[in-house]
Amino acid sequence: MREPSLPDGMQIDAPAPNAEIRTPLKLSGSVPGPWYFEGSFPIELRTNDGRVLAESIAQSTGNWMTTDPVGFTGALDFEVDTPTAAVLVLHEDNTSGQKDARRARLPLRLMPSRPN
């Protein structure tokens, strides 16, 4: 799987692209302040065929009322029975309903919590 292309000003520190992950998935990085609404933005974990495995929010770790990059952390609990190709999707929080909200997609490989 190829490396993801991220929107300008975004950095994902963890997890790494294509990493093998067991629950819980913990993520961190930074996004421009406008991605946040009230200090958070939505995240989800989907299988490659589009099935949603988990949804949550990422929280800012600093003052999000800026255009500069602001750190975030988040976590998602999931359950899979077999190794599963998936994608972590980070959504710019868009309270105005505009269709041009940005998103980032990070490919991952989800692993069962207990090896078979």
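1. A polar contact here is a pair of N or O atoms within 3.5 Å; within protein, one must be able to donate a hydrogen and the other to accept it, and residues adjacent in sequence count only if both atoms are side-chain atoms. By that rule, the side chain of Asp49 contacts the side chain of Thr47 at 2.3 Å, and the Asp49 side chain also reaches the backbone nitrogen of Arg51 at 3.4 Å.

2. A word on the source: this is a predicted model, where local features need pLDDT of at least 70 and side-chain atom pairs count only at pLDDT 80 or more, while totals for chains, interfaces and linings use all residues. Residues are numbered from 1 along each chain as its sequence is written, and side-chain values use heavy atoms, leaving out hydrogens and water.

3. Back to Asp49: this residue sits in the loop between β4 (40–47) and β5 (52–60). Strands are DSSP runs of E, at least two residues, numbered from the N terminus. With a relative accessible area of 66%, Asp49 is exposed (over 50%; buried is under 20%, with a 1.4 Å probe and protein chains only).

4. Now the aromatics. Trp35, Tyr36, Phe41 and Phe72 make up one cluster, in which rings pair if their centres lie within 6.5 Å (Trp by its six-membered ring), and planes over 60 degrees apart count as edge-to-face. Trp35 and Phe41 have ring centres 5.8 Å apart and planes at 80°, so they are edge-to-face.

5. Phe41 is buried at 0% relative accessibility. Its ring and that of Phe72 are also edge-to-face, because the planes are at 80°, with centres 5.2 Å apart. Phe41 belongs to β4 and Phe72 to β6, so this pair ties together parts 31 residues apart in sequence.

Methods. Helices (H or I, at least four residues) and strands (E, at least two) are DSSP runs, numbered from the N terminus. Rings of Phe, Tyr and Trp (its six-membered ring) pair if their centres lie within 6.5 Å; planes under 30 degrees apart count as stacked, over 60 as edge-to-face and the rest as tilted.
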